[in-house]
Amino acid sequence: MKRQALAALAAALLASPAWSTTVINHVNGIQVGPDGNLQHFSGLVIGDDGKVKQVIPEGVMMKLAGVDQVIDGEGKTLLPGFIDAHGHVMELGFDALQLDLVGTTSLQDLQQRLKAYAAAHPGNGWIKGAGWNQELWPTKTFPTAADLDAVVSDRPVVLERVDGHALVANSAAMKAAGVSANTPAPKGGEIHNGTFVDAAKELIDRAVPQPTRAQQDEAFAKAQDILLGFGVTGVGSMSTSLDDWNTFKRSGEAGNLKVRLMVYLLGLDPLKVVPHPTDWTYDDRLRAVGVKFFADGALGSRGAWLKQPYSDKPDTRGLQFHSDAELLAQEDAAAAAGFQTATHAIGDAANAQVIGIYEKLHAKYPGDRRWRIEHFQIVDPADIPRMKPIGAVASMQPTHQTSDRLMAEARLGPDRLKGAYAWQTVEKLGIPLAFGTDFPVESPNPFPGLSAAVSRQDMNGQPPGGWIPSERLSFAQALAAYTRGSAYAGFAEGKIGSLEPGKWADFVLVDRDPSKADQQALGRTEVLQTWIAGKKVWARAAANAAPERGK
Ligand SMILES: [Zn+2]
């Protein structure tokens, strides 16, 4: 090696422990191009800054002179890292450390899991859990305080519903919170025999001991592990509290921040400390970009605010969280401070309210503001086109459609389903579409979402032919919404969302070609490796790997 080259290499090594230039070749590279079509490539050249230098087209042999590391992709499929436009990072971590009630098949199943968890975690501390969904139980009725007391009565127990819009508390927890059977429900909430819905949750939540810093750090580390294992390299971090923000920053300071977080602060309170959007920090891994608001609740707990009464409960139209004036004033304060706004709206009345508010804000703050509606789930078909002229973004979760289908039919009846989970309608109108999962409401695994997006079928192939199949997307449209679309939704399309020169080399290697897999095989795609900024940050343990230390 020439002395000059040695000097250059030494300088590069001093500057960064990474390789100066890495080539990953022999891959089946797939991404969505700027034209919306699938683009195929055979490799990437990655600079020492962790960014893509060159995308190697199919059939082109790279000259490997001057390259420091060559990685043989062995023909595996390479995709851009997935960006989940809407997830709850800390909740994902905390849930993973708590009693897991996802998939409980009955009240008895919940009770058994609670009993086992209490035995495994003895003491008198609070037992926290999440993930139950009474819609999956034969009775379809909310659990009660008495149901929990029958299993654990000597310490507080609080268990959140899968959508986070309701919780059930045992008598010890209600006592600790100073709540009795006679406590009236606050505005925007309901109480039924120990189940607290929407605004009523706060009556119990305020008594739950706050996690320590160490517990927060542990939960965040756990969340990152889970996300990387599913190939998620970026997240729209929704409903971020100041505690969450500080946890992310501690992780960044310690050099442990891997996943890129586009942060949406929870309401206006955090703006006392973070008064304006921040720059990207920690090598483009953390940025406060927006503020999250809520217009209504969720469909499962009948908290979604509808224009007409619920088909299966005609005495209610759900929960309106704010008057128009109240929500407008809050959103205006965030917009005036330069933040993007992201507003939760599930029901058609809530979506109409938020669109109306965004029309006013757009007139006041013209330009590229990308007003986001989170979920955009049940929308009056007459309201959907109003999104386009104001540049609003539909941030949607394809697995909600498959999870909620039967419940949505019951809640809404047949006539209101035209604007439900209307992805293709959104696409055809040219409204920017971003996909995510709302984890931990759903698993952060993007592949069941891609599968649902292209088929409108669940992982059991139900219903045959797909549910309202005219709203299916092509694979390219679905992948775009999960990469380019979710980057755009977070003002990050110049950095991530596609593999192009100058953007970060964030990508995954997977075990099959998802563009060629049938619907079910697509949903079962597994991630083999996850790379961020040109470095491997997660790899699946080999199935036949030797156990550590010979155990
Ligand atoms: Zn959410």
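Let's start with D109, which counts as buried at 17% relative accessibility, because the cut-off for buried is under 20%. This comes from a predicted model. The salt-bridge partner of D109 is R113, and their closest N and O atoms lie 3.5 Å apart. R113 itself is partly exposed, with a relative accessible area of 25%.

Both residues belong to helix 3, which covers residues 107-120. They sit four residues apart there, so about one helical turn separates them.

## A pair within one loop

Next come D312 and R302, which form a salt bridge with 3.3 Å between the closest N and O atoms. Both lie in the loop between strand 16 (286-294) and helix 9 (324-336), so their pairing ties together parts that are 10 residues apart in sequence. D312 is partly exposed at 29% relative accessibility, and R302 is partly exposed at 23%.

## D511 and R512

D511 has a relative accessible area of 32% and is partly exposed. R512 counts as partly exposed too, at 26%.

## The wider picture

How many salt bridges does the structure hold? There are 25. Some charged residues are joined in a network: salt bridges link K307, E359, D380, D383 and R386.

How values were computed. Residues numbered from 1 in each chain as written. Predicted model: local features only at pLDDT ≥ 70, side-chain atom pairs only at ≥ 80, totals over all residues. Heavy atoms only, no water. Salt bridge = Lys/Arg side-chain N within 4 Å of Asp/Glu carboxyl O. Helix = DSSP H or I, 4+ residues; strand = E, 2+ residues; numbered from the N terminus. Buried < 20%, exposed > 50% of the residue type's maximum accessible area, 1.4 Å probe, protein only.
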